[in-house]
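Student: I'd like a close look at one part of this model, please. Start with how that part is paired, then carry on to other elements so that I can follow along in the viewer.

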Amino acid sequence: MSLWESVADLELRVDGYELQRRESVTPSGWTRVTTAVVLSGDGQTGQGEDVTYDAAMHDGVPDELMLAGTWSFEDFSHRLDDFEELAEGYRRWAFESAALDLALRQREIGLGEALGRAERPVRFVVSTRTAPEHWLAVAPELEFKLDAETDWDRELLGGLHELGRVRVVDLKAYYRGTSVDLAPDPELYRAVAEELPDVIIEDPWLEDGCREALAGAEDRLSFDAPVHSLKDFDGLPLEPRWLNVKPSRFGTVRELLGTIEACEERGVSMYGGGQYELGPGRFQIQRLASIFYPDGLNDVAPHEYNEGEPREGLAQSPLPAKDEPGF
């Protein structure tokens, strides 16, 4: 039985739903907005989170879709196909994940049990633009995922190598018109590959001399932003050995589980990625990591790491496995 088949026939009853807007001012000064979708039925609630980055778009999350009824999870997913308002993947994922959460809670089982998989403690890395040394001063065992910067030189990279705590460097080559865009630079790519010989290199550009600059590091290349489906993954110009799995990019549970299953069959190493979730989405990416890639370089640190400066008292890796119903 495939992963999708393990959950497709789960029954859920939906009486209605409500939306819960969340906002948080980030340490860098911008305001993160997300919307939780809360489905209710049979005395239970199931939640998902719309992580669309454009704050203005959260004013238009649909609040009157006709979703009431008793469904199989597969039929409910097909019902969502009928709504143009859910064509965007992040929003679609919010309703899909809420429905899966509700179906599991109504049956009083957890996701791992439904899939026939054990849930295990989750190793996580911290994604930060703060100098890692500041975090290590209060939590010496932390591991990191860092976004490359235009001013990184070999001296700085050598210092990161000496720290021995950086696990992933994100080159951000597939973002356009955002605050984190990083123009492809073969010299930077070459320096990262040579000075950080054990680090996973995420989202590199592979044209304009960049692929040649990464020669010898092909087994360390990972992808994230361009992958919204298994078709996207298969369409990359090389066969990656790594994938950063961000569930909300996939839109549907079926597409997500199909991609995970294909990666397992091919021996592709996976790790979980976050999108600055403020609510249930954060716990869901942690739970997926606990089932499918608990020992991966999971960018799923508790949301408190995104709120404020380095400080003591935050949860440390690994996060304990959850033994409770739902997603």
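Tutor: Happy to! Strand β7 (residues 144-147) and strand β8 (residues 166-170) run parallel and are joined by 4 bridges; two strands count as paired if DSSP finds at least two bridges between them. This is a predicted model, in which local features need pLDDT of at least 70 and side-chain atom pairs count only at pLDDT 80 or more, while totals for chains, interfaces and linings use all residues. Residues are numbered from 1 along each chain as its sequence is written, and side-chain values use heavy atoms, with hydrogens and water left out. Strands are DSSP runs of E with at least two residues, and helices are runs of H or I with at least four, numbered from the N terminus.

Within this pair, D147 has D170 of β8 as its bridge partner. Both strands belong to an open sheet of 7 strands with parallel pairing, in the order β6-β7-β8-β9-β10-β11-β12. At its edges stand β6 (126-127) and β12 (269-272); each has a single partner strand, so one side of each lacks a neighbour in the sheet. Strands of a sheet pair through backbone hydrogen bonds, either parallel or antiparallel.

For an antiparallel pair, look at β3 (residues 31-41) and β4 (residues 44-50), joined by 7 bridges. G41 is bridged to Q44 in β4. The two strands form a hairpin with 2 residues between them, and D42 in the turn has a positive phi of about 55°.

Now for the helices. The axes of α6 (residues 154-163) and α7 (residues 186-195) come within 9 Å and cross at roughly 30°; axes are lines fitted to C-alpha atoms over the stretch in contact, with angles from 0 to 180 degrees between N-to-C directions. That makes α6 roughly parallel to α7, a label for angles under 35 degrees. The contact (heavy atoms within 4.5 Å) involves R154, L157, G158 and H161 of α6, and R190, A191, V192, E194 and E195 of α7.

Finally, helix α12 (residues 280-292) has 12 of its 13 residues buried, meaning under 20% relative accessible area with a 1.4 Å probe, protein chains only. I291 lies in α12 and counts as buried because its relative accessibility is 3%. Leaving out residues up to four places away in sequence, I291 touches L111, G112, L115, R117, A118, E119 and R120. I291 and G272 are 19 residues apart in sequence and 11 Å apart in space, C-alpha to C-alpha.

Terms used. Buried < 20%, exposed > 50% of the residue type's maximum accessible area, 1.4 Å probe, protein only. Parallel < 35°, antiparallel > 145°, perpendicular 65-115°, else oblique.
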